[in-house]
Amino acid sequence: FPSHDKPTRVVEYYVASDSLWYWRVRNIKNKKVVMTGAEGYSGKGNVLRAINKETSNWIPESFTGPNEVIA
């Protein structure tokens with residue numbers, strides 16, 4: 001894997017108007033969403049577990065977060 005001098009992605013999670021928790025990945029440079037989770041989760045712990053599972057094979061230096069944001 002190539003090494004990264006600084007992160008290129010940020011992982012965010014949030015609660016939406018339907019009271020479910022969702023996550024997404026944004027490009028740090030242009031703020032565009034480059035990936036979203038496939039479903040909503042009933043609680044914050046559940047969305048964090050999903051994020052940890054998804055990012056477990058990512059190079060740790062390539063992203064920051066997860067960060068809770070306001071949707």
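This note sets out, point by point, what can be read from a predicted model of the chain.

1. Strand S1 (residues 9-15) and strand S2 (residues 21-27) pair in the antiparallel sense over 7 bridges. Within this pairing, Tyr13 stands opposite Trp23 in S2. S2 is also joined to strand S3 (residues 33-36) by 3 bridges, and these two strands run antiparallel. Here Arg24 stands opposite Thr36 in S3.

2. The turn between S1 and S2. The hairpin of S1 and S2 has 5 residues between the strands. Ser19 lies in this loop and has a phi near 70°, a positive value in a residue other than glycine. Ser19 counts as exposed, at 52% relative accessibility. Asp18 lies in the loop between S1 and S2 as well, and at 41% relative accessibility Asp18 counts as partly exposed.

3. The turn between S2 and S3. S2 and S3 likewise form a hairpin with 5 residues between them. Lys31 is found in that loop and has a positive phi of about 70° although it is not a glycine. Lys31 is exposed, with a relative accessible area of 53%.

4. A search of the whole structure finds 3 salt bridges. Which residues are linked in a network of salt bridges? The network consists of Glu12, Arg24 and Arg26. Glu12 forms a salt bridge with Arg24, the closest N and O atoms being 2.6 Å apart. This pair links distant parts of the chain, with Glu12 in S1 and Arg24 in S2, 12 residues apart. Glu12 also forms a salt bridge with Arg26, where the closest N and O atoms are 2.9 Å apart. Because Glu12 lies in S1 and Arg26 in S2, the pair ties together parts that are 14 residues apart in sequence.

5. A salt bridge between strand and helix. The side chains of Glu68 and Lys44 meet in a salt bridge of 2.8 Å, N to O. The pair links distant parts of the chain: Glu68 belongs to strand S4 (residues 63-68) and Lys44 to helix H1 (residues 44-55), 24 residues apart. Glu68 is partly exposed, with a relative accessible area of 43%. Lys44 also counts as partly exposed, at 35% relative accessibility.

6. H1 has 12 residues and reaches 16 Å from its first C-alpha to its last, close to the 16 Å expected at 1.5 Å a residue. Which residues of H1 are buried? They are Val47, Ala50, Ile51 and Thr55. Seen down the axis of H1, the buried residues fall within an arc of 120°, so they line one face of the helix. An α-helix has 3.6 residues a turn, so residues three or four places apart point the same way. On the other side of H1, Arg49 and Lys53 are exposed. The cover over the buried residues of H1 includes S1, S2 and S4.

7. The nonpolar core. The largest nonpolar core has 11 residues, among them Val11, Tyr13, Trp23, Val25, Val47, Ala50 and Ile51. S1, S2 and H1 each supply at least two residues of this core. Trp58 and Phe63 are also members. Not counting residues up to four places away in sequence, Trp58 touches Arg9, Val11, Val25, Met35 and Phe63.

8. A cis peptide bond. Gly65 and Pro66 are joined by a cis peptide bond, with omega about 10°. Pro66 has its place in strand S4. Most peptide bonds are trans.

Conventions
Residues are numbered from 1 along each chain as its sequence is written. This is a predicted model: local features need pLDDT of at least 70, side-chain atom pairs count only at pLDDT 80 or more; totals for chains, interfaces and linings use all residues. Side-chain values use heavy atoms; hydrogens and water are left out. A salt bridge is a side-chain nitrogen of Lys or Arg within 4 Å of a carboxyl oxygen of Asp or Glu. Helices (H or I, at least four residues) and strands (E, at least two) are DSSP runs, numbered from the N terminus. Buried means under 20% relative accessible area, exposed over 50%, partly exposed in between (1.4 Å probe, protein chains only). The expected span of a helix is 1.5 Å times one less than its number of residues. The arc is that of the directions from the helix axis to the C-beta atoms. Contact means heavy atoms within 4.5 Å. Two strands pair if DSSP finds at least two bridges between them. A nonpolar core is a set of buried Ala, Val, Leu, Ile, Met, Phe, Trp, Tyr and Cys residues joined through side-chain atoms within 4.5 Å.
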